[in-house]
Amino acid sequence: NAEYMGNATKIDMRHCNVPCRGQPALNCGGEHAVAVQSYRCHHPTTIEMKWATQGLHYTSTQNLALYSAYSYPNMVLCLIGGMLIDRIGIRPSSMIFLLCIVVGQMVVAVGITLTSYPLLLLGRVVFGLGGESLTVAQSTYCARWFTKSGYMATAFGITLGFSRIGSSVGLISQPYVSAQFGLDRAAWFGLCACVVSLLAFLGLALADFIGERQGWVTTIKADDPFHLRDVKRFPLGMWLIAGICLFSYVSVLCFNGIAQNFFVMKWGQTAKTAALCLSIHTFTSAAGSPVFGFVVDRTGHGLTWLLFSCCLILTCHVLLWATLVEPLAIMVVFGVGMTILGCSLWPCVPFVMDESLLGTGYGLMTAIQNFGLATIPLCVGALQDHFKPQGLAQFYYPILLLVCCAGLAGVLVVQLMLWDHSSQGLLNCSRAQRQSRQSEIDALKELID
C-alpha cells in the first residue's frame with residue numbers, strides 16, 4: 001500500500017490500514033476484511049491563506065519538508081517496525097504504531113489550529129513513526145491468518161480494495177469538509193478517522209487473541225533473537241521479491257505524479273477530464289482486487305500472474321508513450337495490472353521466509369519500496385526540468401525511465417521463477433501442488449521436531 005501523490009501541490013496525511021480478521025474457515029462463505037483508513041490531503045493554498053491571516057509566510061519548502069518528514073525516515077523505520085513485530089508480538093507492536101498515528105495526527109491538528117509550523121512538522125514525524133510500520137503489521141496479519149487456508153491472495157485483495165476505497169473517499173471528502181467547515185475542522189476530522197482505525201484494531205486484536213486460544217493461528221518465536229546484521233542472511237528469493245516490489249511500484253506510483261499534466265498536453269484534455277482519467281486505475285483496483293485475488297488463489301501459479309502484471313504495466317506505459325490511443329482504456333488496463341500486481345506479489349513472502357520472521361520480511365520489502373519512492377521521483381523531476389523547454393519531451397523521458405523500471409521488475413520475476421524452481425517450488429505451482437508440497441514440508445518439520 002504505497003503513497004499516492006496526485007501532484008506536488010498536496011500535503012498528504014498518510015493512510016492507516018487496519019484489517020479486521022475472522023476465523024479463516026469462514027473464507028469460502030464470504031469472510032470479510034475491514035480496512036479503516038484515514039487519508040488527508042490539505043491544499044497548501046488553504047494553509048497559506050490561514051498563515052497569511054496571522055501575518056506568517058508559508059513556503060513551498062515548508063510544504064515539501066512535511067512530506068520529507070514522513071517519507072525519508074520510513075526508508076528505515078518500517079524495517080525496524082517489522083523487527084519489533086517479530087520481537088514483541090504483532091498485537092502490542094500494532095497498538096504502538098496506531099498510537100503514534102493518532103498522537104501524530106492530533107499534533108498536526110493542534111498545529112493547524114494554532115498556526116504553528118513546528119507542531120505541524122513534529123506531528124508528521126510522530127505520524128511517520130507508525131504509518132508505514134502499520135502497513136507492515138497489516139501484511140503480517142494477512143499472512144498469519146491465511147497462509148495455510150489457501151485464500152491469502154483473496155485476503156490481500158480485499159484489504160487492498162478497501163485501502164483504495166479509503167484513499168478515494170479521503171480525496172473526495174477532504175475538499176468538501178475543508179470548504180464547508182474550514183481547515184481546522186478538516187484536520188480534526190482526520191483525527192476522528194484515525195480514532196475509528198484504532199477502534200477497529202481493538203476488534204482485530206480481540207479476534208486474534210481468540211484465534212490463538214482456539215488454535216486457529218499460532219505464534220512462533222525465533223530460537224535466537226533477530227539482529228539487523230542478520231538481514232544479509234535472508235534467502236535470495238526475499239531479495240528478489242523486494243526488488244520486484246521496488247521497480248514495479250515505482251513504475252506505477254511515479255507515473256501518477258506526471259500523468260495528469262501529460263494527458264492535458266498530449267491529448268488536449270481539460271484538467272478535470274485528465275484527473276478523472278487518472279483516477280480510473282484506482283477505482284479499477286478497488287473493484288478488481290478481491291476478484292483477482294480469488295482468481296490467483298484458485299488457479300495458483302502466482303509468479304506467472306506477477307509476470308503478466310508487469311507486462312501489462314509495461315505495455316500501458318509504451319502505448320501512452322508512443323501512440324495516440326485514448327488514455328481512458330489504457331488506464332483501465334493499467335488498473336488491472338496494478339491489481340494483479342498487489343494480489344500476486346505480497347502473498348509471496350510467507351513462502352520464502354520463516355514464520356517467525358514474517359514481520360521483518362515485510363518490513364524489509366516496504367523499506368526498499370519506500371527507498372525507491374523517495375529517490376526515483378527525484379530522477380523523474382530532474383528529467384522533467386531538463387527537457388521542459390522541449391514540450392512533450394519532458395514526459396517522454398520520465399516515462400521511458402518508468403518503462404525500464406517495469407522491465408526490470410519483469411526480469412526479476414523471471415529470476416525468481418528460476419530460484420523457485422530450484423528450491424521448494426511453492427511460489428509458481430498450482431493450488432493442488434502447493435497444498436501437497438506444503439503438507440510434505442509440514443510433515444517433515446514435525447518429524448525433525
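Biologist: Why is leucine 206 called exposed?

Modeller: The relative accessible area of leucine 206 is 51%. Exposed means over 50%, buried under 20% and partly exposed in between (1.4 Å probe, protein chains only), so 51% places leucine 206 in the exposed class. This is a predicted model, in which local features need pLDDT of at least 70, side-chain atom pairs count only at pLDDT 80 or more, and totals for chains, interfaces and linings use all residues. Residues are numbered from 1 along each chain as its sequence is written, and side-chain values use heavy atoms, with hydrogens and water left out.

Biologist: Where is leucine 206 found, and what makes up the nonpolar patch on the surface that includes Leu206?

Modeller: Leucine 206 lies in helix α7, residues 183-214. Helices (H or I, at least four residues) and strands (E, at least two) are DSSP runs, numbered from the N terminus. The patch consists of Leu206, Phe209, Ile210 and Trp216, with about 360 Å² of accessible area together. Such areas come from the Shrake-Rupley method with a 1.4 Å probe, and for residues only the protein chains shown count as cover. Patches are made of residues with over 30% relative accessible area and no salt bridge; like charges are joined within 9 Å, and nonpolar side chains (Val, Leu, Ile, Met, Phe, Trp, Tyr) within 5 Å.

Biologist: What makes the pair of aspartate 208 and arginine 91 a salt bridge?

Modeller: The term requires a side-chain nitrogen of Lys or Arg within 4 Å of a carboxyl oxygen of Asp or Glu. For aspartate 208 and arginine 91 the N to O value is 2.7 Å, and the pair therefore meets the 4 Å limit. The two residues are 117 residues apart and link distant parts of the chain, with aspartate 208 in helix α7 and arginine 91 in helix α4, residues 90-113.

Biologist: Why does aspartate 208 count as buried, and how is arginine 91 classed?

Modeller: Aspartate 208 has 0% relative accessibility and is buried because that value is under the limit of 20%. Arginine 91, at 22%, falls in between the limits and is therefore partly exposed.

Biologist: Which salt bridges does arginine 144 form with aspartate 208 and glutamate 212?

Modeller: In the salt bridge between arginine 144 and aspartate 208, the closest N and O atoms are 2.9 Å apart. This pair spans 64 residues, from helix α5 (residues 117-146) to helix α7. Arginine 144 also meets glutamate 212 in a salt bridge, at 2.7 Å from N to O. Here helices α5 and α7 are again linked, by residues 68 positions apart. Arginine 144 has a relative accessible area of 14% and is therefore buried, whereas glutamate 212, at 27%, is partly exposed. Shared partners join Arg91, Arg144, Asp208 and Glu212 into one network. Four salt bridges are found in the whole structure.

Biologist: What makes up the largest nonpolar core?

Modeller: A nonpolar core is a set of buried Ala, Val, Leu, Ile, Met, Phe, Trp, Tyr and Cys residues joined through side-chain atoms within 4.5 Å. The largest one has 92 residues, and Phe255 and Phe263 touch the most other members. Helix α8 (residues 236-267) gives the largest share, 17 residues. Phenylalanine 263 has contacts beyond four places in sequence that include Phe255, Leu278, Leu320 and Met331; contact means heavy atoms within 4.5 Å. A second, separate core has 10 residues, among them Val108, Tyr117, Leu120 and Leu183. In soluble globular proteins, nonpolar side chains tend to be buried together.

Biologist: Why is threonine 115 called buried, and what class does histidine 301 belong to?

Modeller: Threonine 115 has a relative accessible area of 11% and is buried because this is under 20%. Threonine 115 sits in the loop between α4 and α5 and has a positive phi of about 55 degrees although it is not a glycine. Histidine 301, at 33%, counts as partly exposed; its place is the loop between α9 (271-299) and α10, and its phi is near 55 degrees.

Biologist: Where in the chain is confidence lowest, and where is it highest?

Modeller: pLDDT is the predictor's confidence in each residue, from 0 to 100. Strand β1 (residues 11-13) has the lowest mean, 34, and helix α10 (residues 302-322) the highest, 95. Over residues 1-45 the pLDDT is below 50. The chain averages 80, and 82% of the residues score at least 70.
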